[in-house]
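Work through the exercises below with the coordinates open. Try each task before reading its solution.

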Amino acid sequence: MGPKSERVYRTIREWITAGRYLPGEKLPSERSLSEELEIGRTQLRQVLAKLVAEGVVEVHGRSSYRVPDRSVSVKAPADLEPWRIHGERTVYDNQWVKLTLADVEPPGVERFEHHVVRLHHVAIAAVLDEQDRVLMLWRYRFVPETFGWELPGGIVDPGEDPAATALREVEEETGWRPDALEHVVTYQPMVGMVDSPHEIYVGRGAQLVGEPSDLEEAGHVAWVPLADIPGLMARGELMGSGTLVALLHVLASRAAGSSPTAAA
């Protein structure tokens, strides 16, 4: 696409991301969009065709488009009781890890002490390019004593927006500055015992701005084809739950015909 088509493409995506048009809602007519965005109908149709291919919009009738409605039909049970927490005492604490014993009482079960490991808040980013490659690092991790591919990411500083962390970590660890990142999910990697919120971001496009500045975390930087990800996973060469969650989101979005940068 040319510069004008690219501008219109990004504008419509931003409208939908910002909620200007909600799931299930129709977009304005081609004529209205053409006039508002100052673009010819032929170029506009090329933009809309790309958005349809990415699952950002869908065709609704003849020359009509709407935002897909992907509402979840499953409802969470409302009659279950949470555990009661009577207190928590610290066993060990430093700047990286905190170990506590929580005095808990599950419904219908006697009280007992449960270990809780509290780690840092983390942000991780999957950055894609126009060739369907993802920006990754080949690193050695001494705990499992192995090399593997990882996505860039790191600890969210106190008071820092996780999105800013993700942007910062990508640039520091790879030398590439993402054009933009979208949040897709927040999850806990070991929900039964470990408290460490992980924020996953996905974006498309990045600019090379220099060499990695975080030498301790930097590894071999490479753009890895998404087509290689299932094979790398099967060989055990993808390390870390954040890497797996982000890449599985991207692959699932592609398989469903939606944009891998759409919020989950």
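**Exercise 1. The chain as a whole**

Task: State how many helices and strands the protein chain has, and what share of its residues counts as buried.

Solution. Keep in mind that this is a predicted model. Step one: count the elements. The secondary structure comes to six helices and 15 strands. Step two: take the burial. Of the 264 residues, 38% count as buried. Step three: take the extent. Along the principal axes, the C-alpha atoms fill a box of roughly 65 × 50 × 35 Å. Step four: look at the contacts. Of those between residues at least 6 apart in sequence, 60% join residues at least 24 apart.

**Exercise 2. Helix H3**

Task: Find which residues of H3 are buried, and work out how they are placed around the axis.

Solution. Step one: check the geometry. H3 spans residues 41-53, which makes 13 residues. From first C-alpha to last it reaches 18 Å, close to the 18 Å expected at 1.5 Å a residue. Step two: list the buried residues of H3. They are Leu 44, Val 47, Leu 48 and Leu 51. Step three: look down the axis. The buried residues of H3 fall within an arc of 95°, so they line one face of the helix. Step four: turn to the other side of H3, where Thr 42 and Ala 53 are exposed. Step five: find the cover. The buried residues of H3 are covered by elements including helix H1 (3-17), helix H2 (30-37) and strand E2 (65-66). Gly 55 follows H3 and has a positive phi, near 80°.

**Exercise 3. Helix H6**

Task: Identify the buried residues of H6 and the elements they pack against.

Solution. Step one: H6 covers residues 241-255, with 15 residues. Its reach is 21 Å between the first and last C-alpha, close to the 21 Å expected at 1.5 Å a residue. Step two: pick out the buried residues of H6. These are Gly 242, Thr 243, Ala 246, Leu 247, His 249, Val 250 and Ser 253. Step four: name the packing partners. Five are strands or strand segments to select in turn: E6 (122-128), E7 (133-141), E8 (146-150), E11 (182-187) and E13 (198-204). Helix H5 (229-234) is also among the partners.

**Exercise 4. An open sheet**

Task: Give the strand order of the open sheet of four strands, and say which strands stand at the edges.

Solution. Step one: read the order. The sheet runs E3-E4-E5-E12, with mixed pairing. Step two: find the edges. Strand E3 (84-93) and strand E12 (194-195) each have a single partner strand, so one side of each lacks a neighbour in the sheet. Step three: inspect one pair. Strands E4 (residues 98-105) and E5 (residues 112-118) run antiparallel and are joined by seven bridges. Step four: check one bridge. Leu 99 has Val 117 in E5 as its bridge partner.

**Exercise 5. An aromatic pair**

Task: Classify the pair of Trp 15 and Tyr 21 from its geometry.

Solution. Step one: the structure holds six aromatic pairs. Step two: the ring centres of Trp 15 and Tyr 21 are 6.0 Å apart and the planes stand at 65°, so the pair is edge-to-face. Step three: check burial. Trp 15 is buried at 12% relative accessibility, and Tyr 21 is buried at 9%.

Terms used
Residues are numbered from 1 along each chain as its sequence is written. This is a predicted model: local features need pLDDT of at least 70, side-chain atom pairs count only at pLDDT 80 or more; totals for chains, interfaces and linings use all residues. Side-chain values use heavy atoms; hydrogens and water are left out. Helices (H or I, at least four residues) and strands (E, at least two) are DSSP runs, numbered from the N terminus. The expected span of a helix is 1.5 Å times one less than its number of residues. Buried means under 20% relative accessible area, exposed over 50%, partly exposed in between (1.4 Å probe, protein chains only). Contact means heavy atoms within 4.5 Å. The arc is that of the directions from the helix axis to the C-beta atoms. Two strands pair if DSSP finds at least two bridges between them. Rings of Phe, Tyr and Trp (its six-membered ring) pair if their centres lie within 6.5 Å; planes under 30 degrees apart count as stacked, over 60 as edge-to-face and the rest as tilted.
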